[in-house]
Amino acid sequence: MSIINLDVDGVVCDFAPHMFDTLRKDGFDVDALPPEVYSVWDFFSPMPKDMKEHAFTLLADKDYWLSIGTVPGAKEGVEAIRAAGHRIHWITTSWPGCFGWADIRKTWLDANFHHPDQDLSKDLTIAGDKSFSDGDVFVDDKASSVRGWLDHFKYRKHEGVLFANSHNLPEQRDFKYVSSWEEGLTNLVILLADER
């Protein structure tokens with residue numbers, strides 16, 4: 001059994017698309033945003049002030065966080081990884097502007113990825129620096145997190161996978177990467193874990 005470290009936002013939680021859809025529904029002209037908003041990690045920076053303020057107001061609301069859906073194919077992928085005998089360990093960074101965020105994240109994970117053997121008091125790490133969370137395979141959509149994790153555990157066999165997205169295009173060549181669960185992330189993770 002291998003430990004599979006999965007980032008949450010952007011890998012299993014459909015964070016950015018949900019934000020843009022919600023802003024659009026709330027009357028903001030998301031389609032008029034400059035193209036670079038989709039190619040930078042901090043997509044809030046290029047937003048007009050009123051849109052950014054509204055986005056941060058949404059992110060301070062626990063119900064907003066609980067309303068975010070899953071990345072297409074993530075539920076089935078996580079189930080397949082578990083069925084192959086591997087343990088999922090969730091790794092995420094908290095949102096400081098939302099009171100009680102850690103409990104909200106646990107509620108979201110339990111609602112979307114519940115498993116009878118999962119204990120979120122042990123199987124969830126909330127940290128600004130994800131590089132210290134032990135495991136065999138790490139999947140994240142932030143290249144610097146994957147790089148930091150690989151560097152921290154460089155003296156043993158482990159695998160990092162970049163969940164490819166428009167904001168990490170320049171860095172994809174440096175990693176094993178897959179851009180969707182349907183494209184083969186599940187199979188890649190199981191293959192890498194089974195090789196251990």
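This is a predicted model: local features need pLDDT of at least 70, side-chain atom pairs count only at pLDDT 80 or more; totals for chains, interfaces and linings use all residues.
A pocket here is an open set of points on a 1 Å grid over the protein atoms alone, where a 1.4 Å probe fits, with protein on both sides within 12 Å along at least five of seven lines; lining residues have an atom within 4 Å of a point.

I then noted that 33 residues line the largest pocket, with Asp9, Phe15, Trp41, Phe43 and Asp141 nearest its centre. Helix 1 (residues 15-25) gives the most to this lining, 4 residues; helices are DSSP runs of H or I with at least four residues, strands runs of E with at least two, numbered from the N terminus.

Next I followed helix 1 to helix 2. Phe15, Met19, Thr22 and Leu23 of helix 1 meet Met51, His54, Ala55, Leu58 and Leu59 of helix 2, contact being heavy atoms within 4.5 Å.

For the whole protein I listed 7 helices and 6 strands, in the order β-α-α-α-α-β-α-β-β-α-β-β-α along the sequence. The C-alpha trace spans about 50 × 35 × 30 Å along its principal axes.

On conventions, I numbered residues from 1 along each chain as its sequence is written. Local features need pLDDT of at least 70 and side-chain atom pairs 80 or more, totals for chains, interfaces and linings use all residues, and side-chain values use heavy atoms, without hydrogens and water.
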